[in-house]
Amino acid sequence: MAANPQKPAATAGRKGKGGHIRPTKEKRDDDIMNTNDSSIVSKRSVSKLYLPNEPDFYEPVTQKFVRRNPLINRGYWLRMHAIEQVVLQFLQKDEKKPKIIVNLGCGYDPLPFQFWHRYASKCENVTFVDVDYPQLIQRKWDRILEDDLLREPLIRANLRSCPSPVYLRSDKYMALGCDLRDLKTLGDTLSTEFDLTASSILFVGEVSITYMPVQDANALIAWASNFEDAKFCLLEQYLPQGPHHPFAQTMLRHFKKLQTTIYAVKDYPSLALQKTRFTGSGWAECNIRNLWDLWSDETFTPPEVRTALDTVEPFDEWEEFALFAGHYFLAVASNKAAGGQEGVHAGPDTVVQPADRPTSTRTIVLTSHVPHPEQTLTARRFGAGFALDSDSVVLHGGQGVQHRLTSIEVLGRRHSEVVIPSLPTPQARICHSITTLGPNAALLVGGRTSPSHALASCWYLQDQQWQAVHELHPARFRHCSAKVKIPGPESEVISALVFGGKTSDGSVLNDAAIWTPEDGWSTIAVDGTIRPPPRFGAAMCSMGHMEDRGFIVGGMTAEGTVLQDIWEYRISRGPEIVISYKDRSQDVLQSPASSLTYGRFGATLAPFGDSFLLIGGVARKELVELADEFLHLTVGEQIEIKPADVSIPENVWPLLVGSVTVPLSDNELVIAGGGAVCFSMGSFWNEGFLILRAKETPESSPWSVSTVTSAVDTQCAPDAKSDGKSGNKEQSKNKGKQSSKGKGKGKPKGSQSHLPKPKTVPRIQVRSADEFGKVLKESKPVILEQLDLGPCQTLWTLEYLKDKLGPQREVVIHECSADRMTFRDKNFQYVTKPFGDFLDGIADGQQTYLRAVSASQPNKLPTKLEDDFPEIAADFQLPPALKDLILEGYHSSPLRISGAVSLWLHYDVLANVLCQIKGTKTLRLYPPSDVRHLDYPPGGSSSNTNVFDSQEPSLRHTQPYTALLRPGDVLYIPPMWSHTATPEEGYSVAVNVFFKNLSKGYAAGKDVYGNRDLQAYENGRRDVEKIIRAFREIPNDMARFYLDRLAMELQDKADSLARSGQ
């Protein structure tokens, strides 16, 4: 036995030396090998998270651990699970026969070591063979023998020396360095090392042979079929809807950019063609299914396995997961007919759709509208929308390109005049609902920041004003909602009905709640024992003009599978409001389309004429064809479902994931937004918006786009609480209507309409130090535009910062349970956590905030970017016009990264410039003269006043300013200007540079944060104590008399200073 076998000499494929020009083939081989590096890092992320009790077999072959985002983790878990199931089935059949598992293009994959650990008893008579380029196998050889975890199993299995091209050999393992195009060497080596006629062989190709030219890959597949007892497992990409599908476009561009073209998809884009590929190459049978289908298969991926994943990390990227899994397939071919349901055999419920299918008789025209460049429509998905009237559509929130959005946009026909305020909350949200309740009336409900943080808050739009109404508990997202009319003795009551959804702890709901402007929320009792199973992401719509009834279609179970059902609901009123349900699934006419596609997740159900349109969504087994994105539902005693006859322009292929559908009338719909993260391969965003209209409906006049700024509107009410207490007389009158059934009032809690409206901080440009000197002399806040802050403006994404600074670096952050940190209540805590976890939390909407401190002496030294973050310091630069004057008194430069949380009101003694790098941020500022109205405790620089939610009369006397910072803006904040900051959307990254602009007067000693008061104030406070002590022996009324006089004298002096400075 050789514990350290001699390394064979590498042959073909080595890089040349001396700087010579490398052949194209050699360069392409390197590009293909580089895909292994990214893949193995992702697999390690899955292993660390989902297999915490298993040894980390990936650590020896990866430089560092990088936690991938939940979508990539879920996708790679499914890939790994699919391969594991096929290999396990292979091992369980005819266990006495010797078996060989050949991993073609294995990369650094530790499949043998994982199986020896998990299924030791099943691997007694099995040999694993890893095959890849010689140079890659050589590197794998080095890493295996340098690590005890990988080396010891080989030593125990008689590790020994071998001639080239075998790099490692034991009784249970062989590492073979061989180009997969060299079939002679591959065949000769296997024949030399094994008795192939007496063995069963499983060839595994996991996203490997697709990088080979098709002719070479097909030769490999045909060669493998010639063995006595062989199977071939192939997992790779395909194009179920062709190369023009948005996901397919993004995927193909990605691999082209990496110079690693995936060849097979061109010749074999469909599962049927892939199957023919095998059966035409000597394989007796081939079972093939896409990964999304296998995810939903309760035998292949049991429900308990799927639900266990959600306990590891919350997940809500279902549509994007389906897009990924729907573009990858798993094929298992055998050169012996199994005659059973082996491997990935398709179940009996799989439906093959014929080419000719009947469509609805009513023709619908789809037109695409791209606004003028000056009226760009914000890219967003998973937002919500509603119709203000028949000419105006309002879009709110959702996920933007870089972060979640709080903004509102209005699509209006040219002749429409729309007035709508911003939503007065800094809380960005996605997966919420907005239900149109009438002209200029709508109800916004719930949503989420991250999958583990559902929102309970609700807002009612009426009379051009948003009002916070009481919360709906439990908080939920991906619920469905519809306008309903409740029958009453005198008149019908317009209401909003909400069904199902998902909560912060992952629970899936099947309750129904109803909201009215007068009574708020009520949970509705169910009439009878029949009710829909729990679901989220369902589609819901009331039935035409009979809005006391409607339908719920599809949705997803807690186990992560799409429901194939349709329910009718009906609201009625007796002594109390009740809802009854009827399962109409058996009434669906089984046309070729309906039997497969009407059960969907994330679809929209909208009225259209006398029927319904079901738009978009994800089906249970495979991706929906473009022609099936629009289904026509005709409802009667039976429900007929057909593909809608939609006339779609040739150059339009929208990705309806996360889009918003808003009916304008019975014959016209607007579809806006939508798009998806296409796994790790990029993102796709729909441009503009779509109009669906009946062919007989005339085309409308041109549309325009207007944006409503999302800064907090002081004319609107603040968030209502869930305690049922009212904040004004109108609510107090109705307070007695609360009941144990969970009702909450539909009225706003309060208003700040009596407070002064903030002025806008001016925007200017400075081109020289002299101009900046004038700004300092004026001592008023300004936003400096069009300055060069360096490459940080493009580089500093969360992933970049995590990579540069290290995900394991520990940082101290503020962690808050609300969307605004308050100094008086201390509703936040200081928490130490890894930088990577902090950034992941920020991306998921957690209410956390980092104000960097010194890495070496946090309690003694101010932080400086160049000292504490040298890895990224060179990315940031002070603009030349500011640099000299700032560096003369340079104090500190804290890095600030904030999630969806606002900072308390405070002032700084030092002058500073706030350089906004990423995200947008709104600041509220108050001049020094307002200090008496802002409730600062003695000697403190942090205020107890929440200026956005306070009813303090003293605020009426303030002079507030507001500043909206965009990436690249620099806000000059003069000393003593009180300010608070709120990220507008998602997260914010900024560098705050503090500097001394006085020649003297600062307090001696350390000043870590730049907010230690001037020496004169500190001395004055000591003098005040002396004065008070001097009056201790004087009667209280006399002492009060003289202290008031001294206070008035001091105030007069302060006022005279203010007058002289004007």
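Me: What does the secondary structure of the protein come to, and how many residues count as buried, as a percentage?

Reply: The model is predicted. The protein has 24 helices and 50 strands. Of its 1062 residues, 58% count as buried. Among contacts with a separation of 6 or more, 71% are between residues 24 or more positions apart. The protein exposes about 44500 Å², and carbon and sulfur atoms supply 50% of that area.

Me: How do I read a helix, and which residues of α8 are buried?

Reply: Start with its span, then look at its cover. Helix α8 covers residues 246–257 and reaches 17 Å from its first C-alpha to its last, close to the 16 Å expected. Its buried residues are Pro246, Phe247, Ala248, Thr250, Met251, His254 and Phe255. The cover over them includes β6 (230–237), α13 (318–326) and β34 (683–685). Just after α8, glutamine 259 takes a positive phi of about 60°.

Me: Why is α4 described as largely enclosed by the rest of the structure?

Reply: Helix α4 is largely enclosed because nine of its 12 residues are buried. Among them are Trp141, Lys140 and Gln138. Helix α4 spans residues 134–145 and reaches 16 Å, close to the 16 Å expected.

Me: How do I read a charged pair, and how many salt bridges are there?

Reply: Side chains of opposite charge can pair when their charged atoms come close. The count here comes to 43 salt bridges. One of them joins aspartate 803 and lysine 64 at 3.1 Å, N to O. This pair links distant parts of the chain, 739 residues apart, with aspartate 803 in helix α18 and lysine 64 in the loop between α1 and α2. Aspartate 803 is partly exposed, with a relative accessible area of 46%, and lysine 64 is partly exposed at 38%.

Me: Are arginine 380 and glutamate 409 buried or exposed?

Reply: Arginine 380 is buried, with a relative accessible area of 3%, and glutamate 409 counts as buried at 0%. Their side chains meet in a salt bridge of 3.2 Å, N to O.

Me: Where does arginine 448 lie, and what does its side chain make a polar contact with?

Reply: Arginine 448 lies in the loop between β14 (441–445) and β15 (458–462). Its side chain makes a polar contact with the side chain of aspartate 316, at 2.9 Å. Arginine 448 is buried, with a relative accessible area of 6%. Residues that arginine 448 touches include Arg404, Cys431, His453 and Phe477.

Notes. Residues numbered from 1 in each chain as written. Predicted model: local features only at pLDDT ≥ 70, side-chain atom pairs only at ≥ 80, totals over all residues. Heavy atoms only, no water. Helix = DSSP H or I, 4+ residues; strand = E, 2+ residues; numbered from the N terminus. Expected span 1.5 Å × (residues − 1). Buried < 20%, exposed > 50% of the residue type's maximum accessible area, 1.4 Å probe, protein only. Contact = heavy atoms within 4.5 Å. Polar contact = N/O pair within 3.5 Å; in protein donor to acceptor, adjacent residues only side chain to side chain. Areas by Shrake-Rupley, 256 points an atom, 1.4 Å probe, with all protein chains shown as cover. Salt bridge = Lys/Arg side-chain N within 4 Å of Asp/Glu carboxyl O. Lists of a residue's contacts leave out its neighbours within four places in sequence.
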